Amino acid sequence: MDELFRYFSSPSNREVLLEQIGQHVYLSLVPLVAGVLLALPLGRMAQRIGWLRAALLGTAGIVYTIPSLAVFVLLPSLIGTDFTSSLNVVIALTLYTTALLVRPVLDALEAVPTHVTVAATAMGYRPHRRFLAVELPLAVPALTSGVRVASVSNISLVSVGALVGTGGLGRLFMVGFERDLVQIPVGIVLTVLLALLVDLLLVLGSRLLTPWERVGRAVIAS
């Protein structure tokens with residue numbers, strides 16, 4: 001406890017810590033948003049184009065099995081960035097997030113009741129409008145589950161980026177192993193708290209986007 005108090009009592013340590021938290025949020029959440037935006041059309045394509053389904057799901061599965069550290073190391077030579085550039089982590093985690101979410105997006109879209117899509121079509125909704133106005137909103141609860149898993153995965157994997165010189169809370173583990181062990185539990189606790197906070201925000205966001213779910217639960221409870 002004395003070591004923890006000493007660590008947090010230092011203004012320079014608190015300043016560095018806040019900077020590392022900000023870097024960790026950027027490196028984990030930007031790929032999460034980008035991955036969701038990429039996975040949505042890919043999942044839609046897998047749903048609508050039968051021959052693409054197996055190819056997309058198979059490719060996504062292969063991409064997600066590639067070790068993250070290997071991707072962090074290889075990307076600079078492939079895209080011409082500096083070895084320690086944060087862009088390497090952002091691109092790598094975007095690929096992982098997209099690969100992880102293709103299947104949940106497909107499952108969420110296929111869980112939308114057929115009679116709902118048929119009714120929307122009968123009301124004059126064209127495919128793109130029906131997708132944005134009917135299918136996607138109804139798929140949000142199921143899709144949120146996949147995004148929550150991806151957020152935890154990203155927040156965890158960002159720490160690996162510290163091995164190749166990028167920022168984030170992973171730096172606490174590196175410095176902790178080198179000279180100051182107290183930074184290791186600090187890094188672990190902050191990473192877990194960040195994951196829990198993002199997960200809570202995703203749950204709240206899902207509830208705000210699906211008010212009919214709350215109405216349905218209230219009706220059932222009454």
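Visitor: What share of the residues of the protein count as buried?
Guide: We're looking at a predicted model here. The protein has 222 residues. The share of them that count as buried is 42%.

Visitor: Which element has the lowest mean pLDDT?
Guide: Start with the protein as a whole: its mean pLDDT is 87, and 95% of its residues reach 70 or more. Among the elements, helix 5 (residues 86-110) sits at the top with a mean of 93. The lowest mean, 58, belongs to helix 10 (residues 211-221).

Visitor: What does the C-alpha trace span along its principal axes?
Guide: For some context on the fold, take contacts between residues at least 6 apart in sequence: 73% of them join residues at least 24 apart. As for the span of the C-alpha trace along the principal axes, the figure is about 65 × 50 × 20 Å.

Visitor: Are helix 8 and helix 9 roughly parallel or roughly antiparallel to each other?
Guide: Helix 8 covers residues 170-178 and helix 9 covers residues 183-209; their axes are 7 Å apart and the packing angle is about 165 degrees. The cut-off for roughly antiparallel is over 145 degrees. Helix 8 and helix 9 are therefore roughly antiparallel.

Visitor: How many charged residues are in the contact of helix 8 with helix 9?
Guide: From helix 8 come Leu-172, Phe-173, Val-175, Gly-176 and Phe-177, and they meet a set in helix 9 that includes Ile-184, Val-186 and Leu-190. By class, this contact of helix 8 with helix 9 has eight nonpolar residues, four polar ones and no charged ones.

Visitor: What is the handedness of the crossing of helix 7 and helix 9?
Guide: Helix 7 (residues 127-158) packs on helix 9 at about 165 degrees, with the axes 10 Å apart. That angle is over 145 degrees, so this pair, too, is roughly antiparallel. Helix 8 passes helix 9 in a left-handed crossing, but the crossing of helix 7 and helix 9 is right-handed.

Visitor: How many charged residues does the contact of helix 7 with helix 9 have?
Guide: Helix 7 brings residues including Val-140, Pro-141 and Arg-148, while helix 9 brings residues including Leu-194, Asp-199 and Leu-209. Sorted by class, the contact of helix 7 with helix 9 has 10 nonpolar residues and four polar ones, and the charged count is two.

Visitor: Is Thr-97 buried or exposed?
Guide: Thr-97 is found in helix 5. Leaving aside neighbours within four places in sequence, Thr-97 is in contact with Pro-31, Leu-32, Gly-35, Val-36, Ala-150 and Asn-154. The cut-off for buried is under 20% relative accessible area. Thr-97 has 0% relative accessibility, so Thr-97 counts as buried.

Visitor: Which residues does Leu-69 touch, not counting those up to four places away in sequence?
Guide: Leu-69 is in helix 4 (residues 68-79), and a relative accessible area of 35% makes Leu-69 partly exposed. Gly-124 is 55 residues from Leu-69 along the chain, and their C-alpha atoms are separated by 49 Å. The residues that Leu-69 touches are Val-160, Leu-163 and Val-164.

Key
Residues are numbered from 1 along each chain as its sequence is written. This is a predicted model: local features need pLDDT of at least 70, side-chain atom pairs count only at pLDDT 80 or more; totals for chains, interfaces and linings use all residues. Side-chain values use heavy atoms; hydrogens and water are left out. Axes are lines fitted to C-alpha atoms, for helices over the stretch in contact, and angles run from 0 to 180 degrees between N-to-C directions. Helices (H or I, at least four residues) and strands (E, at least two) are DSSP runs, numbered from the N terminus. Angles under 35 degrees count as roughly parallel, over 145 as roughly antiparallel, 65 to 115 as roughly perpendicular and the rest as oblique. A crossing is left-handed if the near helix is turned anticlockwise from the far one by less than a right angle, and right-handed if clockwise. Contact means heavy atoms within 4.5 Å. Ala, Val, Leu, Ile, Met, Phe, Trp, Tyr, Cys and Pro count as nonpolar, Asp, Glu, Lys and Arg as charged, and the others, Gly among them, as polar. pLDDT is the predictor's confidence in each residue, from 0 to 100. Buried means under 20% relative accessible area, exposed over 50%, partly exposed in between (1.4 Å probe, protein chains only).
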